[in-house]
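Here is a short briefing for a reader new to this structure. Look over the sequence and the model before reading on.

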Amino acid sequence: MSLMTREDMLRELELLPIWSLRNPLPSPLLQVDEVNAPEALPLEPMSVPVEVVNEVLKEVPLESAWPEALPEAAPVMPASVADVQVLASSVSEPQLFRHVASEDGDWLFVLSNTAPTEDEALLLRNIFMAMGIRTKSPEAPAITLDLLPTLQPKLVVAMGEVVAQHLLQSTDSLANLRSTVHALEDVALVVTYDVAHLLQVIPDKANAWADLCLAMQTLQRLKSVN
């Protein structure tokens, strides 16, 4: 079997013969008057001797007519155990909250870690007076779960959506968390509005009082059982 010449290979690859367009398309950069110019004479197929083609392609390896092999894709590494543990970690880290405890140790109110305004502090004092609760002086902000073993309250009142969601590890809205007695480390918990909200939305004061009445009834029931 005779060896194929370069010309035979080019023909096999359909690279020969070399042709040019009979009516080449106008360049998009031409001006309008150039586009409307008389049509050029048709071009005949180029008669380029094979020797000329061979001379042009002499320095070009035949392999260059084919695309280079694509690089191998990087292997997909499985997630490490550490990455999985990070993804499976709790939704939120422990947060510091302000706490107000009653003198008798029955109540623990959990509030956002922001200094209350004068109006907010006054409203909070009025709430305690209406409930007949004598409170201790507020201490430095702390993590609620760290205080429960020490204070051992009978009932916790979470004031505000952010506080309630964090303590209960829930994404439910305040409206869905209210009107229900929850449990936090085996301690009863009732959710209500924060004092800043009550100063802005006056009609919700009645709803907040309903929440506090639920809390007082729950505490009475817990004391009667014990």
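This is a predicted model: local features need pLDDT of at least 70, side-chain atom pairs count only at pLDDT 80 or more; totals for chains, interfaces and linings use all residues.

Residues are numbered from 1 along each chain as its sequence is written, and side-chain values use heavy atoms, with hydrogens and water left out.

**Overall make-up**

- The protein has 10 helices and six strands. Helices (H or I, at least four residues) and strands (E, at least two) are DSSP runs, numbered from the N terminus.
- Of its 226 residues, 26% count as buried. Buried means under 20% relative accessible area, exposed means over 50%, and partly exposed lies in between (1.4 Å probe, protein chains only).
- The accessible surface is about 16,300 Å², and carbon and sulfur atoms hold 59% of it. These areas come from the Shrake-Rupley method with a 1.4 Å probe; for residues, only the protein chains shown count as cover.
- Take the contacts (heavy atoms within 4.5 Å) between residues at least 6 apart in sequence: 66% of them join residues at least 24 apart.

**The sheet**

- Six strands form an open sheet in the order E3-E1-E2-E4-E6-E5, with mixed pairing. E3 and E5 are the edge strands, each pairing on one side only.
- Two strands pair if DSSP finds at least two bridges between them.
- Strands of a sheet pair through backbone hydrogen bonds, either parallel or antiparallel.
- E2 and E4 are parallel, with four bridges. Leu108 has Val156 in E4 as its bridge partner.

**Strand E1**

- E1 covers residues 96-101; five of the six are buried, so the rest of the structure largely encloses this strand.
- Two bridges pair E1 with E3 (residues 142-143) in the antiparallel sense. Here Phe97 faces Ala142 in E3.
- E1 also runs antiparallel to E2, over four bridges. His99 stands opposite Val110 in E2.
- E1 and E2 make a hairpin with five residues between them. Gly105 in that turn has a positive phi of about 80°.

**Strand E6**

- E6 is mostly covered, with six of its six residues buried.
- Val187, Leu189 and Val191 point one way, while Ala188, Val190 and Thr192 point the other way.
- In a regular strand the side chains alternate between the two faces of the sheet.
- E4 and E6 run parallel and share five bridges. Val157 stands opposite Val190 in E6.
- E5 and E6 run antiparallel, joined by four bridges. Leu189 in E6 is the bridge partner of His182.
- The hairpin of E5 and E6 has two residues between the strands, and Glu185 takes a positive phi near 50°.

**Helix H10**

- H10 spans residues 204-225. At 1.5 Å a residue (times one less than the number of residues), its 22 residues should span 32 Å; the end C-alpha atoms are 32 Å apart, which agrees.
- Its buried residues are Asp204, Ala208, Asp211, Leu212, Ala215, Thr218 and Leu219.
- An α-helix has 3.6 residues a turn, so residues three or four places apart point the same way.
- On the other side of H10, Ala206, Gln220 and Ser224 are exposed.
- The cover over the buried residues of H10 includes E2 (107-111), H5 (118-131), E4 (155-159), E5 (181-184), E6 (187-192) and H9 (195-200).
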